[in-house]
Amino acid sequence: MDISIDAIDLKKSREQLILELAELRTKLATKEKSCHELSLELTRLKFTDLRENKSFQFKYGITDNTGRERIDRATSHQLDLIESILNNIPILLVMWDPRLRRFILNRCAENVIGWTTEEANETDFMREIYPDAAYRAEVEAFMRAVEPEWHEWNVKSKDGKYVPIDWANIRFTDETMIGIGVDLRERKKAEQILRRSEKRYRQLLSVLPAAIYTCDENGLITYYNEQAGKLWGRLPRVGDPDGLFCGSYRFYCPDGSPLVHNQTPIAAVLEGGKIVRNQEVHIERPDGLRLCLLVNIDPLRDENGRLCGAINVFSDITAHKRTEAALQRLNETLEQQIAERTEIAEFRAKQLQVLTSELIEAEEKERQRIAMLLHDDLQQILVSAKFQTEMLKASLEGETIKIAETLLDTLSKATESCRNLSHKLNLSSMYCPDLGVTLKKIVDQMEKNHGLRIESTIEFNSDQVSADIKFFIGRTVQELLVNCAKHASSDRASLEIYGRGNLLTITFEDNGVGFDPCRLKIRGGNEGGIGLFGIQERAEALGGSFKVESSPNKGSRFVLNVPFKKKYMEDADKITTSDMFKMLLDAYDLTKEV
């Protein structure tokens, strides 16, 4: 737009023009309600004679440059942003011209190589960073080729150190190329550490006594140690597709059935990702030798958790399995032998019980025989001697009569003692079909002879008890009463006999001095006679039991349990006297062997 201003004085008109233009700018900005940037340009100057006093007219032009300046600012901002990105990006960026004379380096490139952009353009930059002429020629050819591929070059930094950098080039314009570089020092260091670690890892695996191998997700073997090759009996090629999942020649199940390689445990791990622990497999080597292996397999996963392979640690347990089988056979043999010997020992034990019973019965018979001798022979002799002494006394006079009377008194005492002894030895003298009556006689006799007070309770059916059981019970009661009178220093005792079911229970108690049962022979001690021991052996031979309870100064209690009829084993052969010693020797030898 054009504005005309009248002015009398040119200098004054210029000052007024400036003020009026400023006011106009303010009015325009307020009217449009926007922040327009206005620039003032002097377009033309005309002189017009409007009055006689020769006033002048100035014409100026005002142009709106707001859009252009906004574009300039946006462009500047974008350039600043690009420059900030290029300087802060963690990769090397180098721009150069086709003649390789002018270079622009970003901040990362300056930090890695050590040269600033100004320094690079003030010297022969390519000679400085690639001092070897032949090597530099290769690099320059690569830079001019501008092929989209990566290549590693060793760049000499300003401090004289060589930095491995991976470069790729792109053409920015016809006159500008850009090189993109990656500093490989950290990667090289990590690769070196990884190589050392892998070397130590492989050394560790090579000296382990266990066999180890790994495979990828497809089953291709990626590594195996020396021990694995020895067990396989072959050295398969790593990555060979003909040796998937395992390097063994053939596979077998524990039952001996063939197993294909894609059904092996490691194939199952690669398929399902499950861990395998202590699973037995059988392999066959190329030389025909079969081995039993114990495998432990773990799946291998990458950083994202994806299954990428598996590792198998296995060991040869063939010798162990053979030893285990031999031990099993030996155990079976020993168990069989022990069972046989146990059966023999039980049979011999039962034979010993029968022998004990036979001996006790023989003892009873011998007592009866001695009692009969005492009664029929000795007692008769004593009676006859007494009769003759009485006849002799009738013919004597004086002092000899007193001698005869003394002799008659002695003979009377001997006769009575002989009669009592024969009664003790021969229980049948007091025997009657009712065992209760027999026991009552024994109790009465002990009360009469020893002054004991005995409380007796006898409740059972005597008709159900066999004759040998009756004699055994009578002899046992007699033995207990005699022991009470002779050793217990007791004045009172109780006897209870009950029949319950098929079992007869005899309980005898006294208030005597008591004793320690552990010191008896029936408990493995060395005290006590054969009386209690004989009662126990006979009770066990009859299929019963004998229990002793006592303690010093607290009396004693004896419990005898016997069946109404004896229970000898049916298959026990009759034992002769000549077989007795052989049986005892055999039992001794058997005890040593077991």
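**Charged pairs, cores and a sheet**

Tutor: Let's start with aspartate 298, which is partly exposed at 27% relative accessibility; partly exposed lies between buried, under 20% relative accessible area, and exposed, over 50% (1.4 Å probe, protein chains only). This is a predicted model, where local features need pLDDT of at least 70, side-chain atom pairs count only at pLDDT 80 or more, and totals for chains, interfaces and linings use all residues. Residues are numbered from 1 along each chain as its sequence is written, and side-chain values use heavy atoms, with hydrogens and water left out.

Student: Which residue forms a salt bridge with aspartate 298?

Tutor: Arginine 277 does, with the closest N and O atoms 2.8 Å apart. A salt bridge here is a side-chain nitrogen of Lys or Arg within 4 Å of a carboxyl oxygen of Asp or Glu. The pair links distant parts of the chain, 21 residues apart: arginine 277 is in strand S13 and aspartate 298 in strand S14. Strands (E, at least two residues) and helices (H or I, at least four) are DSSP runs, numbered from the N terminus.

Student: Is arginine 277 buried or partly exposed?

Tutor: Partly exposed, with a relative accessible area of 47%.

Student: And how many salt bridges are there in the whole structure?

Tutor: A search finds 20. One of them joins lysine 547 to glutamate 549, at 3.1 Å between the closest N and O atoms. Through shared partners, Glu509, Lys547, Glu549 and Arg557 form one network.

Student: Switching topic: which residues touch the most other members in the largest nonpolar core?

Tutor: Ile473, Leu481, Leu504, Ile506, Phe508, Phe546 and Val562, out of 34 residues. Such a core is a set of buried Ala, Val, Leu, Ile, Met, Phe, Trp, Tyr and Cys residues joined through side-chain atoms within 4.5 Å. Helix H13 gives the largest share of this core, 7 residues. Apart from it lies another core of 26 residues, including Leu92 and Met177.

Student: Last one: what order do the strands take in the open sheet?

Tutor: S5-S4-S8-S7-S6, 5 strands with antiparallel pairing; two strands pair if DSSP finds at least two bridges between them. Strands S5 and S6 are the edges, each pairing on one side only.

Student: How many bridges join S4 to S8?

Tutor: There are 5, and valine 94 stands opposite glycine 179 in S8.
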